[in-house]
Amino acid sequence: MEKKALRPFGMRDKIGYAFGDLGCGLSFSLVSTYMLLFYMQVVGISAKSWAWIVIVSKVWDAVNDILIGNMVDRKRISKKSKFMPWVLIGAVGLVVLTVMIFTPVQSFTPNAKIVWCLASYCLWSVAYTMVNVPYGSLHSIITDNPRERTALSTFRSIGAGVAMIFVMLLPKIVYAKNESEEGSAQIIIADRVFLVSIVFSVIALIFLFAMTKMVTERVPYGEVPEKISYFSTLKSFFTNRPMVGATIASFASIVFYNSSMSVNNLVFQYFFNDAKKTTVATLASYIPLVLLMPFAGKLVSAFGKKKLITLTGIASAVVGLIMLFLPITPDGKGMYIYIGGLMVVNIGNCIFQIIVWAIIADCIEMSFRKKGVHEESSLYAIYSFFRKLAQGVGSAIVALGLSAIGFVEGTNVVQSEAFCANVKNLYIGFLVAGTVIMVLSMQFIYNISKQDEDKFSAHTEQSGQEYCSPEE
């Protein structure tokens, strides 16, 4: 069969890949940041009900992710691309189900609310997996050059960061001040959240479609395997030491950073009594991400991925511990100290988020070199499952943590003084715990050193491989 040379890796691939995570991130960030608040403050589901809803949905994810990953590896529904058709199918479902999650159902009976929440979350999970697994697997197929993979990881983080900026702006839109006999309280407006979910979903669909047109799959992935054993794939994953280390670090990051962002909303809502300032605080905490992105490649070349994450993580954890003992007051001065501290605490996690996708691509590459079998989607699906499990576990931990310090569910509720005083330290404690676990996992489990990364790059450059594709 005639072959044709593919265009070289370049900026089109980087921007296109960033668009993919922008689309995924709009849905994921909206759900991870506001679903808990929406169902506990607006719909009226209790913290205990939310915790078991999350557990049940993650048991479903255990089956769903691996099934879809295996299906993507085994079923080719297009001769031109292994991954893109699955992304488009899932993207359409993501639009419908994100809106379903944020449909105001506060008039439902208590049991009906729980059924609606569980069903919409589980179905959303299927659609998200169908988009995110093939999208994430693309990383190892676009290029096999570690330096180019780091560039892709950086641009993917840019896409995710832009999605987060959209979410950061929401407090000014979805919150309103409510006056009652019990006092003044800032509450979430259900209809506004519902409208936001529609707008976000449509924008996500547009960017995901753009990604499929801009990114090129260059690395050959061979013939469709007749059968990929679930147990074989699980063995590949759990015997891949760097993959296990990176997964634990990602799990900790999502549980204690991403999932706890809703607690930061409550810090400003109840401790500083100014929910709309959440936008300023969250934007400020991402300044390190923006400043570090242009230098990610040079930093990785100088230190290696493992050492860079470990050093910055240790520094972040130390600053977080100091913040727990600082006399941060619920006024303007205390707010500035708090926001400044969060900027420093977030540096370690920002570095990890910038390069984690290059790390996962390297781990998948190691599995292929060891087994000689292309299981990109299956392996990524297991990694994706643990990310979504972390989202669920994080939501449950956040809900239980809030309950432990006296949070009262419902609309128009005035929280106790004890809750308002303790919610700040709860959030900082979550950040410190996540950073410590991330550092320990990358230092003692993840074992791809800078020397290994240099060997990967040298091997790719010496091979001088010319990418080709079948002439249709």
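Helices here are DSSP runs of H or I with at least four residues, numbered from the N terminus. In this predicted model, Asn422 lies in helix 18, which covers residues 417-444. Asn422 is partly exposed, because its relative accessibility is 36%, between the limits of 20% for buried and 50% for exposed. The C-alpha atom of Asn422 is separated by 6.8 Å from that of Ile405, 17 residues apart along the chain.

The protein chain as a whole has 19 helices and four strands. Its C-alpha atoms fill a box of roughly 80 × 45 × 35 Å along the principal axes. For 472 residues, a compact globule would have a radius of gyration near 23 Å, so the 22 Å of the protein chain agrees with that expectation. Of these 472 residues, 58% count as buried.

The charged pairs come next. Side chains of opposite charge can pair when their charged atoms come close. The count of salt bridges comes to six. Asp13 takes part in a salt bridge with Arg7, at 2.9 Å from N to O. Asp13 counts as buried because its relative accessibility is 0%, whereas Arg7, with a relative accessible area of 25%, is partly exposed. Asp13 also forms a salt bridge with Arg218, where the closest N and O atoms are 2.7 Å apart. Asp13 and Arg218 are both buried.

A salt bridge also joins the side chains of Asp21 and Arg156, at 3.5 Å from N to O. Asp21 belongs to helix 1 and Arg156 to helix 6 (residues 146-168), so this pair ties together parts that are 135 residues apart in sequence. Both Asp21 and Arg156 are buried.

Lys172, Lys177, Arg192 and Lys276 form a positive patch. Lys172 is found in helix 7, residues 171-174, and is partly exposed, with a relative accessible area of 49%. A nonpolar patch is made up of Leu195, Ile198, Val199, Val202 and Ile206, which together have about 420 Å² of accessible area. Leu195 is placed in helix 8, residues 190-214. Leu195 counts as exposed because its relative accessible area is 53%, and exposed means over 50%.

How values were computed: Residues are numbered from 1 along each chain as its sequence is written. This is a predicted model: local features need pLDDT of at least 70, side-chain atom pairs count only at pLDDT 80 or more; totals for chains, interfaces and linings use all residues. Side-chain values use heavy atoms; hydrogens and water are left out. Patches are made of residues with over 30% relative accessible area and no salt bridge: like charges are joined within 9 Å, nonpolar side chains (Val, Leu, Ile, Met, Phe, Trp, Tyr) within 5 Å. Accessible areas come from the Shrake-Rupley method with a 1.4 Å probe; for residues, only the protein chains shown count as cover. A salt bridge is a side-chain nitrogen of Lys or Arg within 4 Å of a carboxyl oxygen of Asp or Glu. Lys and Arg count as positive and Asp and Glu as negative; His and the chain ends are not counted. The place of a charge is taken as NZ of Lys, CZ of Arg, CG of Asp or CD of Glu. Helices (H or I, at least four residues) and strands (E, at least two) are DSSP runs, numbered from the N terminus. Buried means under 20% relative accessible area, exposed over 50%, partly exposed in between (1.4 Å probe, protein chains only). The radius of gyration is taken over C-alpha atoms; the globule rule is 2.2 Å times the number of residues to the power 0.38.
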